[in-house]
Amino acid sequence: MTLIDDSRPIFVQIAERIENDIIEGGMPEESQVPSTNQFAAFYQINPATAAKGVNLLVDQGILYKKRGIGMFVASGARAQLMEKRREQFFEQYVVTMVREAEKLGITSEQLMDMIQRGDGGK
């Protein structure tokens, strides 16, 4: 699995990978997450870089430390991440799409038709 994208800091990518695993159910709430050394070995990166990514999530309340045991996914982490990602989706895609539609003279109704066409009629 290729994770490393040279255009973005590696520790941010580590944090996003963990976030994705939590959102997708691969790391359930209250489950233990791999150690920074395990992340470092898996992604072939410096353990300090892996720790920086993990600590980013600790600072956000997504992960927490049990002294002498390891890192765990916090209760409510998935819901918190889902809300964060929804807000990012809104800002990155919806706002941008609506602005572009306005520039092109696309009405709200036309835009809704396009969206419905894009989802295959689901």
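This is a predicted model: local features need pLDDT of at least 70, side-chain atom pairs count only at pLDDT 80 or more; totals for chains, interfaces and linings use all residues.
1. Glu 19 is buried, with a relative accessible area of 4%, where buried means under 20% relative accessible area, exposed means over 50%, and partly exposed lies in between (1.4 Å probe, protein chains only). Residues are numbered from 1 along each chain as its sequence is written, and side-chain values use heavy atoms, with hydrogens and water left out.

2. Glu 19 forms a salt bridge with Lys 84, in which the closest N and O atoms are 2.6 Å apart; a salt bridge here is a side-chain nitrogen of Lys or Arg within 4 Å of a carboxyl oxygen of Asp or Glu. Helices are DSSP runs (H or I, at least four residues), numbered from the N terminus. Lys 84, at 28% relative accessibility, counts as partly exposed.

3. A salt bridge also joins the side chains of Arg 85 and Glu 19, at 2.9 Å from N to O. Here again distant parts of the chain are linked, with Arg 85 in helix H4 and Glu 19 in helix H1, 66 residues apart. Arg 85 is partly exposed, its relative accessible area being 25%.

4. The domain assignment of the chain gives domain 1 (10-75) and domain 2 (78-120), and such bounds come from an automatic or database domain assignment. To the contact between them domain 1 gives nine residues and domain 2 gives seven residues, contact meaning heavy atoms within 4.5 Å. The centres of domain 1 and domain 2, taken over C-alpha atoms, are separated by 30 Å.

5. How much area do domain 1 and domain 2 bury between them? The value is about 780 Å², of which 49% is on carbon and sulfur atoms; buried area is the accessible area (1.4 Å probe) that two parts lose on being put together, summed over both. Glu 19, Ile 23 and Ile 62 supply 60% of the area that domain 1 buries against domain 2, more than any other three residues.

6. Between domain 1 and domain 2 the count is two salt bridges, and across their interface the rule finds six residue pairs in polar contact, both residues at pLDDT 80 or more. A polar contact is a pair of N or O atoms within 3.5 Å; within protein, one must be able to donate a hydrogen and the other to accept it, and residues adjacent in sequence count only if both atoms are side-chain atoms. The side of domain 1 that touches domain 2 has, by class, three nonpolar, three polar and three charged residues. In this scheme Ala, Val, Leu, Ile, Met, Phe, Trp, Tyr, Cys and Pro count as nonpolar, Asp, Glu, Lys and Arg as charged, and the others, Gly among them, as polar.

7. The structure holds six salt bridges. One of them is formed by the side chains of Arg 8 and Glu 16, at 2.7 Å from N to O; Arg 8 is partly exposed at 33% relative accessibility, and Glu 16 is partly exposed with a relative accessible area of 29%. Arg 17, Asp 21 and Glu 24 are linked in a network of salt bridges.

8. Leu 57 lies in helix H3 and is buried, with a relative accessible area of 0%. Leaving aside neighbours within four places in sequence, Leu 57 is in contact with Ala 15, Ile 18, Glu 19, Ile 62 and Leu 63.

9. Most residues other than glycine have a negative phi. Glu 30, in the loop between helix H1 (10-23) and helix H2 (36-43), has a positive phi of about 70° although it is not a glycine, and Glu 30 is partly exposed with a relative accessible area of 39%. Gln 44, in the loop between H2 and helix H3 (47-59), likewise is not a glycine and has a positive phi of about 55°; Gln 44 is exposed, with a relative accessible area of 73%.

10. Ser 31 also lies in the loop between H1 and H2, and its side chain reaches the backbone oxygen of Pro 28 at 2.5 Å. Not counting residues up to four places away in sequence, Ser 31 touches Met 71, Phe 72 and Val 73.

Terms used
Helices (H or I, at least four residues) and strands (E, at least two) are DSSP runs, numbered from the N terminus.
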